[in-house]
Amino acid sequence: VIAYLFAGQLQKYGANVFIVDSVSLAMCRELSPIIVAIIVAGRSGSAYTAQIGTMKINQEIDAMRVLGLSPMQVLVIPRLIALMLAVPLLVFVGDIAGIFGGMLIAELQLGLTGSTYLDRLQTVLSVRHVLVGLVKAPVFAAFIATIGCMLGLSVENNARAVGLGTTASVVKSIVAVILINAAFAIILTELKI
């Protein structure tokens, strides 16, 4: 989509090759981490809240405590670690998909060959740009998992509360991701990264 929108503007000025810059930097630094985080918040964050909330209603969490198990160690930490490992992998896949999608549009809309696209990509896309997105990913994941699990643990003992908690989980996770991304933008700009 970014490639398609920029293609018309770049073509007006004869700057077709700069499509690579806009697509690769936008995908790796911003779009892929944000899109993945929003999808994960809607899918996994809400599932964490619903699962743990249902366990609380069914008194399974109380049963864990009676058995001497910590709900934090059994329910929260594994989910947190899993999400912190999975989200960077998803962001990397998103980077690749976005870059190759941009290459397809560049060829179809601008007549830019794949080899020219890849040559320019090697010039403009340094490892630090990819790392910026990959560093954001586990931070986003940690907040999504924490919010989802904590809202699940704080659910009242009725089914309505599980639904409300699940909705709140998605909304709070997305807001947190946007605010954290803004903080990253400010910090990275100040550090000139």
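A crossing of two helices is called left-handed if the near helix is turned anticlockwise from the far one by less than a right angle, and right-handed if clockwise. The views below come from a predicted model, in which local features need pLDDT of at least 70, side-chain atom pairs count only at pLDDT 80 or more, and totals for chains, interfaces and linings use all residues. Residues are numbered from 1 along each chain as its sequence is written, and side-chain values use heavy atoms, with hydrogens and water left out.

**View 1. Helix α1 against helix α4.** Here α1 (residues 2-12) packs on α4 (residues 71-110) at an angle of about 40°, the axes lying 9 Å apart. Helices are DSSP runs of H or I with at least four residues, numbered from the N terminus. Axes are lines fitted to C-alpha atoms over the stretch in contact, and angles run from 0 to 180 degrees between N-to-C directions. The crossing of α1 and α4 is right-handed. Look for A3, Y4, A7 and Q11 of α1 touching G102, I105, Q109 and L110 of α4, where contact means heavy atoms within 4.5 Å.

**View 2. Helix α4 against helix α5.** The axes of α4 and α5 (residues 114-124) come within 9 Å and cross at roughly 135°. This crossing of α4 and α5 is also right-handed. On the α4 side you will find I99, F100, G102, M103, A106 and E107, which meet G114, Y117, L118 and L121 in α5.

View 3. After α2 comes Q59, with a positive phi near 65°.

Terms used: Helices (H or I, at least four residues) and strands (E, at least two) are DSSP runs, numbered from the N terminus.
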